[in-house]
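Hi,

Here is the structure I promised to pass on. Have a look first, then read on for the salt bridges.

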Amino acid sequence: MDTEAALREGLTSTPKYIPVWYRYDKAGSIFNDRCLSDNTYYYFYSSEMHILSNKIKEILPDVSEVPHLVDMGSGNSEKTRGFIDSLLVNHDTITYIPVDISKDFLAETSEQLSVIYGDRLNIKSIPGDYDVGIEQLKDVAGLKIITWLGGGFQNQRYQDQIRRLQMLSKVMTEKCCLIISLDITQEKKQVENAYLDPTGISADLYLNAITRLNKEYGSDINTDSLKLEAEYIQTKTPEDTSYVRLFGTSLEPQQHRIPGLGIAINLAKDERLYFHEGKGVSCKYTIDQIKTLAASAELCLENYWTDPDQHVAVCYFATPKTTS
Ligand SMILES: C[S@@+](CC[C@H](N)C(=O)[O-])C[C@H]1O[C@@H](n2cnc3c(N)ncnc32)[C@H](O)[C@@H]1O
């Protein structure tokens, strides 16, 4: 991925935006972890943890072949450790393939995991974009258990969700599976509080996109000149999802040069700067919408597990079984 081209495109388009993945440098990954632990309004983390800690044995397929565990957007790998521990009960060693755009954080996490698991975990990290990771999976033969946890999947544009599911489906055989945690919350106030929590903790994560832009490309945008807002847009159409619009509204007219990108931008008073590509981020799904999404990539939703509050569905997808 060409970071500079993507930023230039976003900041000169109408409306202006910064891609969601740009917030995840090392500082962003640390802010992300803080949001998970300290933002009590962010229901997703506790709901997902509840399912994974209670249902991991049901979720994880019972496999005799030594598996490759692929972790899309691995972050601190905390949740995937449940999968690693369970797989190591029946296998002496497994291969762990974490994929993450936050390269330094991935290197640190991989180092910590190799100290914890030693030779039993063969770690083959892929620093880079999801597309880079999926491309490399073409060369990984045998059984792949692919996880996409922590809400990373739903942070992509809908067309990227479909495109990447289609790419994954092509590298999966009948014995492989794909496990994705998806947000199924439909209640507007709960969603808006989670993304713009009254404690203000998540603001640091979103605004890290601007702090990073200032640091890496020489701009001087004052984060206090933007008022952060989140809006939940709901739809039940099967070929769509609900989503969150996340943006900073400019409190004053402002002009900025961004020397490292060779551009200058104007923000009018009340103009929005979005913190994601496309129409929204953090999609929310009905079960019908999840089935439609899977079908668009020739995958089947074979099973799913939810928490008691019905916030999260941990979904198990597989390729259709051929009968011989
Ligand atoms: C919401 S966090 C989830 C982290 C972790 N899986 C968890 O459950 O806590 C999303 C992760 O995906 C990574 N990420 C975001 N966009 C990415 C992209 N386009 N390609 C690869 N990794 C990406 C981020 O660096 C971050 O670690």
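A word on burial before the details: a residue is buried under 20% relative accessible area, exposed over 50%, and partly exposed in between (1.4 Å probe, protein chains only). Keep in mind that this is a predicted model, where local features need pLDDT of at least 70, side-chain atom pairs count only at pLDDT 80 or more, and totals for chains, interfaces and linings use all residues. Residues are numbered from 1 along each chain as its sequence is written, and side-chain values use heavy atoms, with hydrogens and water left out.

Searching the whole structure turns up 21 salt bridges (a side-chain nitrogen of Lys or Arg within 4 Å of a carboxyl oxygen of Asp or Glu). One of them pairs D131 with R164 at 2.7 Å, N to O. That pair ties together distant parts of the chain, 33 residues apart: D131 sits in helix α6 (residues 130-137) and R164 in helix α7 (residues 158-171). Helices here are DSSP runs of H or I with at least four residues, strands are E runs of at least two, and both are numbered from the N terminus. R164 counts as buried because its relative accessibility is 7%, while D131, at 22%, counts as partly exposed.

D183 and K284 also form a salt bridge, at 2.8 Å, N to O.

Cheers
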